[in-house]
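Student: I'm new to this one. Could you show me the structure and talk me through a few of its parts?

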Amino acid sequence: MPMSRRALAAAVVALVLPLSACGSGGDGGGTTDASGKVEGDITFQTWNLRANFKSYFEGLIADFEAKYPGTHVKWVDQPAEGYADKLSAEAGGGTLPDVVNVSPDLVAPLAQAGLALDLDKAAASYRSEYLPGAWAGHRVPGMSGTYAFPWYLNTGPLFYNKALFEKAGLDPDRPPRTYDELFADARRMAEKTGGKVATLANVPTIEDFGRYGVPLMNAQGTAFAFNDAKGVELLTRYKQLYDAKALDPQALTATGESAGKKFLTGAVAMNPGSALDLGNFRKNAPSLYENIGITDQITSTGHVNMYVMGVMVNSRTRHTPAAVAFAHFVTDARNQMSFAKKVAIFPSTAGSLDDPYFTKEDGTDETRVRIAAAKSLKNAVNYTPVLFSEQMKTALRNEVAKALQGKESPGEALDNAVKAADRLLQQS
């Protein structure tokens, strides 16, 4: 499932970071010139997709080989668990496939190691086919270039429990749309329920700081910057929520799954999610489903967060024209649209989100969520810096916990988190 694979990508990025010291990872060959004849044998590696989409990819490959006689695509699929380890071993051993399914955090060390083809040089003519924010998703701070074709996107709304809002004297048809409204409603919820119902179940992550308008890194991509005044302001507001029991007391150790369960049982009033969640609500919490409210992500920047998957071309491939042509073929508008109708994801190609599938209401909540998400994705950004590793996320989480518990001031906590992240960045 795309959602779980995104979570995995974030969790294992630290394992692949040593790639940045791997050197060439190949035995020569390769060219940035993609203008030659499309021919030759190439290997395409996906990430836990064979089980559910075998026929789709077999058809995709057959269509490509028919379009370009003289090509042959060998498809290999790796399991979700250990994918970053697999990439690291392939890169170090010179066996990295010609075309590889990656996420931004996994492409960064490959680009730093010189193993990812710069598409701004090799495939610039295709750039206009994609949403600007999606094309930018596989850029690496401190490096010029784009290192993967954007593939499928995902985002989601905020869900809220209308019944809990009503019990707290809040308008169930007017959910918070700004941070000021969110924090005010959360305090009201805690006051009216005697602290028994929190509004949020998660502490702020790097993505939340980005949505709040906090600068996350310097322009050169050499240091983190989320300890500025606006970052301290956000953490201070979360500290106030925590003290008022408007933030779930178990938020310090919460996972996405545990927060989802809290929302399912009515212990928290709001939770982020996607269209995939609606079926779960209908099946496992029918009373919640009857009272489900759906609203947009809250952001100070005017841009919601997006998750993006990509298709990278190995810079060492001996068949650059074929590898670039196939990576483009996988991610072109026709094939992305076909894939989007098989699973709850969104195309990254310009104009695709204007298709009636993403714009025409049919009265169902699933379609409503799909349409709202598609609209927001047109100018969405991936807030999580591609260089922000899992170790850095852990350091930030630990410092946030200290601030919420009153062991450090919000300013001290973020200063320490930035120092830890910068130290890890230099080590990588």
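This is a predicted model: local features need pLDDT of at least 70, side-chain atom pairs count only at pLDDT 80 or more; totals for chains, interfaces and linings use all residues.

Student: Let's take helix α8 and helix α10. Are they roughly parallel or roughly antiparallel to each other?

Tutor: Start with the angle: α8 (residues 179-192) and α10 (residues 229-243) pack at about 15°, with their axes 10 Å apart. Angles under 35 degrees count as roughly parallel. So α8 and α10 are roughly parallel.

Student: And how many charged residues are there in the contact of α8 with α10?

Tutor: From α8 you have Tyr179, Asp180, Phe183, Ala186 and Arg187, and they meet Leu234, Arg237, Tyr238 and Leu241 of α10. Sorted by type, that contact holds 6 nonpolar residues, no polar ones, and a charged count of 3.

Student: What about α2 and α15: roughly parallel or roughly antiparallel?

Tutor: Helix α2 (residues 50-67) packs against helix α15 (residues 333-340) at about 165°, their axes being 11 Å apart. Anything over 145 degrees counts as roughly antiparallel. That's why α2 is, relative to α15, roughly antiparallel.

Student: Is the crossing of α2 and α15 left-handed or right-handed?

Tutor: Look at where they touch: Phe53, Tyr56, Phe57, Leu60 and Asp63 in α2 meet Arg334, Asn335, Ser338 and Phe339 in α15. As α2 passes α15 there, the crossing is right-handed.

Student: Now the second largest pocket. How many nonpolar residues are in its lining?

Tutor: This pocket has a volume of about 470 Å³. Its lining has 17 residues, with Pro141, Asn382, Tyr383, Thr384 and Pro385 the closest to the centre. Of the lining residues, 7 are polar and 1 is charged, while the nonpolar ones number 9.

Definitions and conventions. Residues are numbered from 1 along each chain as its sequence is written. Side-chain values use heavy atoms; hydrogens and water are left out. On a 1 Å grid over the protein atoms alone, a cavity is a set of points where a 1.4 Å probe fits but cannot get out, and a pocket is an open set with protein on both sides within 12 Å along at least five of seven lines; lining residues have an atom within 4 Å of a point. Grid points are joined across faces, edges and corners, and a volume is the space filled by probe spheres set on the points. Ala, Val, Leu, Ile, Met, Phe, Trp, Tyr, Cys and Pro count as nonpolar, Asp, Glu, Lys and Arg as charged, and the others, Gly among them, as polar. Axes are lines fitted to C-alpha atoms, for helices over the stretch in contact, and angles run from 0 to 180 degrees between N-to-C directions. Helices (H or I, at least four residues) and strands (E, at least two) are DSSP runs, numbered from the N terminus. Angles under 35 degrees count as roughly parallel, over 145 as roughly antiparallel, 65 to 115 as roughly perpendicular and the rest as oblique. Contact means heavy atoms within 4.5 Å. A crossing is left-handed if the near helix is turned anticlockwise from the far one by less than a right angle, and right-handed if clockwise.
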